[in-house]
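These are my notebook entries on one structure.

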Amino acid sequence: MGVSSIQLLSVLLVCATNAKQTEGSCALKMQRNEDQALREQLTFIYKEVEGLRNDQNLMKQKQEDMMQAVSHCTEIQPQAEKEVNVTSLGKGSTSTLEEEDDTDEGFDPCKKYSSLNQNWRATNYSTKNVACDRNTQWNGWYRLFYRGRSIQMPELCVKTESCGTHSPLWLSGGHPRKRDGIVTRKVCGNWNGNCCAFKSPPIQVKACQGNYYVYKFVKPPACHLAYCADVNTLICGKCKKYEICTSKDKIKWFCKKSKRRVKANVHFFAAYPGSLSGKVNRIQYRKVYVNVGGAYSSRTGVFTAPVTGVYQFFFSSQADSSGLITNLWLVVNGYWAAVSHTHVGVSNTVGNLSTYMTTLRKGALVYVTQSCGKSWADSAFNSIVFGGSLLFVQR
């Protein structure tokens with residue numbers, strides 16, 4: 001005798017209710033023990049219900065964890081975005097927020113910093129109201145200004161009772177270059193005849209496009225110490241795009257044209273229009289296709305570096321089925337630097353192309369030699385070739 005769908009649903013509801021109340025397994029009680037097939041079917045359905053209930057509890061727990069994480073991010077996000085507590089820095093401090101740049105660290109401090117425009121930080125400001133940067137709640141990156149003009153920290157010892165404090169803090173180790181990225185520098189405070197009497201915790205510094213710097217200031221170890229701004233560096237804000245701000249004595253600063261890389265303008269490509277057999281001390285690639293800069297000589301087969309820089313060369317061989325090992329070597333200033341190796345033991349030919357990159361001084365000599373074997377080529381097939389390019393100039 002079968003069981004109606006209403007009876008089946010009643011059994012499932014009773015089972016689920018008992019499971020919820022006892023938090024244990026649910027024993028299915030069937031009045032018709034002779035219906036073994038139905039009992040197995042209901043047992044399978046019960047296991048499915050148990051599995052769904054466990055999945056539901058797991059999803060609920062994950063949802064609660066996610067809500068806690070979102071709540072935590074909501075609490076800390078305003079502090080992360082608010083670079084500076086303006087009231088804690090006093091008059092002359094503003095926050096500059098720009099669109100973040102996608103870098104490996106997650107943001108570019110050159111585009112997200114706080115402006116520190118406090119005239120009393122200047123090296124020409126004597127002590128009146130003594131300041132102490134230990135009382136400042138530093139948070140994030142800062143750019144120094146003096147009367148609205150960009151300025152930077154001094155790189156030399158600053159006399160006491162200046163920069164609006166007793167012991168002015170100056171940057172030890174100098175400012176970085178743009179290609180250095182974010183660096184760590186020591187900070188010293190002058191006191192009692194000792195330029196580094198106070199060793200303040202190190203700070204991070206980055207050079208930015210436009211001849212300015214950003215600093216990640218931290219609390220000094222004591223009062224009264226304050227970060228200083230060098231009025232001699234105001235000229236740096238007037239430097240043009242392709243100029244750098246420099247100083248020989250760290251006192252008088254001036255704009256100077258930066259050394260720009262010379263574009264690579266040396267390229268050559270030549271071929272040997274015949275076969276080579278045995279040892280050839282220097283291959284003379286007579287069929288020249290490209291020789292920009294005129295650094296390669298088809299008469300001697302030698303490339304002479306016209307300037308100091310990084311070069312890349314390539315050369316190839318084509319071995320026949322003679323069974324011989326064929327080696328062509330790239331020779332740089334008399335040293336065998338790279339090899340093009342082929343070995344064919346069947347009725348066929350195999351070619352091999354090798355490349356080599358190196359730094360050469362002006363006047364360096366580069367050519368190719370065959371130490372052993374047999375290389376095949378003719379005037380129609382350029383299988384024995386030699387070429388190279390200057391990638392960039394070094395000064």
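Are R121 and D133 buried or exposed? I found R121 buried, and D133 is buried too. I use buried for under 20% relative accessible area, exposed for over 50% and partly exposed for what lies in between, with a 1.4 Å probe and protein chains only.

Notes on the source. The model is predicted, and I keep to its limits: local features need pLDDT of at least 70, side-chain atom pairs count only at pLDDT 80 or more, and totals for chains, interfaces and linings use all residues. Residues are numbered from 1 along each chain as its sequence is written, and side-chain values use heavy atoms, with hydrogens and water left out.

Entry: salt bridges. Side chains of opposite charge can pair when their charged atoms come close. I count a salt bridge when a side-chain nitrogen of Lys or Arg is within 4 Å of a carboxyl oxygen of Asp or Glu. I noted four salt bridges in the structure.

I went back to R121 and D133, which form one of them, with the closest N and O atoms 2.8 Å apart. R121 and D133 both lie in the loop between β2 and β3 (142-146), so this pair ties together parts that are twelve residues apart in sequence. Strands here are DSSP runs of E, at least two residues long, and helices are runs of H or I, at least four; both are numbered from the N terminus.

Next I looked up D108 and K206, whose side chains meet in a salt bridge at 2.9 Å, N to O. This pair links distant parts of the chain, 98 residues apart: D108 is in the loop between β1 (93-97) and β2 (112-117), and K206 is in strand β7 (residues 194-208). I found both D108 and K206 buried.

R177 and D180 form another salt bridge, with 3.3 Å between the closest N and O atoms. R177 is partly exposed at 46% relative accessible area, and D180 is also partly exposed, at 31%.

Entry: rings. I pair rings of Phe, Tyr and Trp (its six-membered ring) if their centres lie within 6.5 Å; planes under 30 degrees apart are stacked, over 60 edge-to-face, and the rest tilted. The structure holds 20 aromatic pairs. Among them, W138 and Y142 are edge-to-face, 5.0 Å centre to centre with 90 degrees between the planes. Both W138 and Y142 are buried.

Why is the pair of F217 and Y227 stacked? I read 4.1 Å between the ring centres and 25 degrees between the planes, so the pair counts as stacked. F217 lies in the loop between β8 (212-216) and β9 (225-227) and Y227 in strand β9, so parts ten residues apart in sequence are tied together. F217 is buried at 3% relative accessible area, and Y227 is buried at 0%.

I also noted a cluster linked by ring pairs: F268, Y285, Y296, F303, Y311, F313 and F386.

Entry: charges over rings. My cut-off is NZ of Lys or CZ of Arg within 6 Å of the ring centre and within 35 degrees of the ring normal. The charged end of R143 sits over the ring of Y212, 3.7 Å from its centre. R282 lies over the face of Y367, 5.8 Å from the ring centre.

Entry: sheet. I traced an open antiparallel sheet of five strands in the order β15-β16-β21-β18-β19; strands pair if DSSP finds at least two bridges between them. β15 (296-297) and β19 (335-343) are the edge strands, each pairing on one side only. Y296 has F303 in β16 as its bridge partner.
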